[in-house]
Amino acid sequence: MCGIVGAIAARPVAEILLEGLRRLEYRGYDSAGMAVWDGEQINRLRRAGKVQALADALAQHPLDGQLGIAHTRWATHGKPTENNAHPHMSGERLAVVHNGIIENFESLKRDLQAQGYEFSSDTDTEVIAHLLDSAVEAGDNILEAVRKTVARLDGAFALGVMHQDYPGELITARKGSPLVIGVGIGENFIGSDPLALLQVTDRFIYLEEGDVARLKRLGIEIWNATGESVERPVLQFQHGSGSVDKGEYKHYMLKEIYEQPKVVHAAMEGRLGKDSVLEQAFGAGAGEIFDQVKQVQIVACGTSYHAGLVAKYWIEDLAGIPCMVEVASEFRYRRVVLPPGTLFISISQSGETADTLAALREIRDRVLASLTICNVPGSSLVRESDLCLMTNAGPEIGVASTKAFTTQLVALLQTTLVLGRRHGLKPETEARIVEELKQLPGLLERVLGLDPAIEKMSEAFAEKHHALFLGRGTLNPVAMEGALKLKEISYIHAEAYAAGELKHGPLALVDKDMPVVTVAPRNEMLDKLKANLQEVRARGGELFVFAGSSQAVEPEEGVQVLELPPVPGILEPIVYTVPLQLLSYHVAVLKGTDVDQPRNLAKSVTVE
Ligand code: G6P
């Protein structure tokens with residue numbers, strides 16, 4: 001999950017590449033580098049640390065030229081040092097940037113060492129540089145060399161390659177890792193995602209698995225996995241580039257939290273009729289597919305997995321269809337038993353998460369159909385699934401996912417309704433929920449109004465090392481998501497439990513140093529939840545309750561209660577997520593961590 005950018009133009013490319021790296025920094029940010037052809041030779045600059053370190057170095061040692069490749073890294077093989085940073089070179093004449101993992105790099109490395117190649121890094125990528133060089137030395141041109149080399153690689157890759165003897169060519173290839181071509185006028189680009197290139201173009205070609213492409217300033221040629229020359233469509237990017245700015249906000253994460261009223265609206269736009277969800281939004285033939293669904297299998301990772309867990313409650317409750325939910329990294333590697341009529345639903349912000357994509361590929365021939373709930377148009381999951389429902393959250397830059405989650409929930413609720421209506425969900429129930437969904441943007445606005453009180457509450461967490469999150473029903477996955485947010489960005493160890501499980505273990509941990517956060521809407525589970533909270537109080541635990549009414553849980557010494565507006569039951573998991581996002585955000589700010597780019601994490605996990 002590194003970021004790649006490359007350019008071939010009639011103007012200097014270093015600034016374009018640098019801006020691309022800044023926009024890709026969410027994919028990896030422990031080291032960065034760039035190589036540019038200056039008309040005579042390839043010059044390279046690399047730095048450990050963030051893209052800014054490379055920018056500072058470039059200010060001292062500018063790289064001039066009209067052909068270049070650049071990379072921001074998230075270390076897999078070898079520490080985040082300058083030596084391990086990309087681009088990697090073989091001798092002086094060729095440079096390569098790579099995103100992905102080469103699984104057979106050790107045996108390739110042994111072969112190359114036997115041929116006399118010396119390695120200057122611990123990366124898997126360096127084998128690609130030397131394999132390319134060895135093919136060119138044997139007489140291949142650089143395009144043939146790339147073709148031959150990728151045929152020898154096991155694993156996942158997206159590559160950008162340039163060679164001194166082919167100064168008019170930028171070669172690229174992808175398999176298992178994302179890569180787009182940005183189509184310009186008299187110039188062309190490559191990037192790990194369109195965001196990286198929106199400053200120079202809004203027209204993109206999404207390469208397919210196994211594609212190899214040769215970019216020249218005035219043309220693009222593409223070959224598929226079997227070597228046939230192919231045409232791929234040029235697609236217009238849908239979001240304005242303005243939406244990737246931080247604007248008045250201190251962090252992308254805060255901006256994205258505040259965008260939620262707007263984006264949940266976008267996630268419903270054009271999909272809600274007067275009293276029903278319009279199933280055409282899912283794609284051609286959706287109706288016939290939904291008619292045959294007998295069970296649902298959801299697969300996702302991270303935050304998206306939590307959205308799936310909420311959907312399980314909805315689908316079983318409202319549609320009466322069995323629904324299983326599993327993390328993709330487990331699902332893809334075990335023998336799964338799927339009854340006939342299974343609808344496979346993948347949930348993914350990026351549409352490129354390696355495990356989720358592999359799960360789809362593993363299963364698609366054995367299911368009734370596949371549906372993806374996804375935020376990135378044209379991404380691999382969207383292209384490879386039978387149906388899709390876009391979440392329309394717009395680019396999400398903060399590594400900790402916020403607006404992607406709430407819009408996933410909106411999309412999943414719509415999915416539940418279209419499935420439900422075929423399984424006995426009454427039209428009046430659907431109409432009521434559709435009406436309630438329309439209130440969601442306003443409700444989220446009101447919850448955002450609690451921000452100052454949540455910021456105050458966050459002070460109690462700054463010195464803590466652990467926290468426990470409790471919820472019941474659909475609020476149980478919300479508690480899990482709250483704990484994940486806190487650990488991701490504030491590095492406080494946080495765990496979530498279904499409140500009813502408290503006495504089966506976690507209660508042993510509760511004392512004055514273990515704050516307990518609870519989401520407690522005013523629903524039929526409230527009395528049970530209150531009993532759980534008493535168990536915490538009796539052990540001296542400090543409670544932070546987001547409640548549907550202050551009367552429901554009385555504030556007292558050691559119990560802080562924040563009252564949320566009344567929320568229709570079905571919307572509770574969406575609305576109660578927002579205060580937990582704000583809480584984590586403010587704790588992280590108090591702790592001075594890197595909110596948008598927390599250590600060791602990356603936004604888009606395109607490797608296993
Ligand atoms: C990474 C991100 C998470 C995200 C997860 C799944 O871990 O940091 O925010 O939830 O990947 O990503 P996806 O793009 O498939 O939703």
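Which strands does α9 lie across, and at about what angle does α9 run to β17? I looked this up in what is a predicted model. α9 lies across β16 (295–300), β17 and β18. Its angle to β17 is about 170 degrees.

**Entry: the parallel sheet**

Next I checked the sheet behind those strands. It is an open sheet of 5 strands, ordered β17-β16-β18-β19-β20, and the pairing is parallel. β17 (323–327) and β20 (387–390) are at the edges with a single partner strand each, so one side of each has no neighbour in the sheet. On average, neighbouring strands here are turned by 20 degrees against each other, ignoring direction.

I then picked one pair to look at. β18 (residues 342–348) and β19 (residues 369–374) run parallel and are joined by 6 bridges. Within that pair I found Ile 345 opposite Leu 371 of β19.

**Entry: α9 again, now with a helix partner**

Back to α9, to see which helix it meets. The axes of α9 (residues 302–319) and α16 (residues 475–490) come within 8 Å and cross at roughly 170 degrees. Angles over 145 degrees count as roughly antiparallel, which means that α9 is roughly antiparallel to α16.

I listed who touches whom. From α9 the contact uses Gly 302, Thr 303, His 306, Leu 309, Val 310 and Tyr 313. From α16 it uses Asn 476, Pro 477, Met 480, Glu 481, Leu 484 and Lys 485. Sorted by class, I get 6 nonpolar, 4 polar and 2 charged residues in this contact.

**Entry: the ligand**

Which residues are closest to the ligand? There are 13 residues around the ligand, and the closest are Ser 304, Ser 348, Gln 349, Ser 350 and Thr 353.

- Ser 304 places a polar side-chain atom 2.6 Å from a ligand oxygen atom.
- Ser 348 has a side-chain N or O atom 2.6 Å from an oxygen atom of the ligand.
- Gln 349 uses its backbone instead, with an N or O atom 2.7 Å from a ligand oxygen atom.

I can tie two of these back to earlier entries.

**Entry: the antiparallel sheet**

I moved on to the other sheet. This one is open too, with 7 strands in the order β5-β6-β7-β8-β12-β13-β14 and antiparallel pairing. Its edge strands are β5 (88–90) and β14 (229–230), each pairing on one side only.

At the β6 end, β6 (residues 94–102) and β7 (residues 155–163) run antiparallel with 9 bridges between them. I traced Ala 95 to its bridge partner in β7, and that is Met 162. Helix α4 (residues 126–137) lies across β5, β6 and β7, at about 130 degrees to β6.

**Entry: two hairpins**

How many residues link β12 to β13 in their hairpin? The answer is 2 residues. β12 (residues 212–216) and β13 (residues 219–223) run antiparallel with 5 bridges, and Arg 214 has Glu 221 of β13 as its bridge partner.

I count 2 bridges joining β13 and β14, which run antiparallel, and Trp 223 stands opposite Ser 229 of β14.

Note on methods: Residues numbered from 1 in each chain as written. Predicted model: local features only at pLDDT ≥ 70, side-chain atom pairs only at ≥ 80, totals over all residues. Heavy atoms only, no water. Axes fitted to C-alpha atoms, helices over the stretch in contact; angles between N-to-C directions. Helix = DSSP H or I, 4+ residues; strand = E, 2+ residues; numbered from the N terminus. Parallel < 35°, antiparallel > 145°, perpendicular 65-115°, else oblique. Contact = heavy atoms within 4.5 Å. Nonpolar A, V, L, I, M, F, W, Y, C, P; charged D, E, K, R; others polar. Pairing = 2+ DSSP bridges. Near = heavy atom within 4 Å. Polar contact = N/O pair within 3.5 Å; in protein donor to acceptor, adjacent residues only side chain to side chain.
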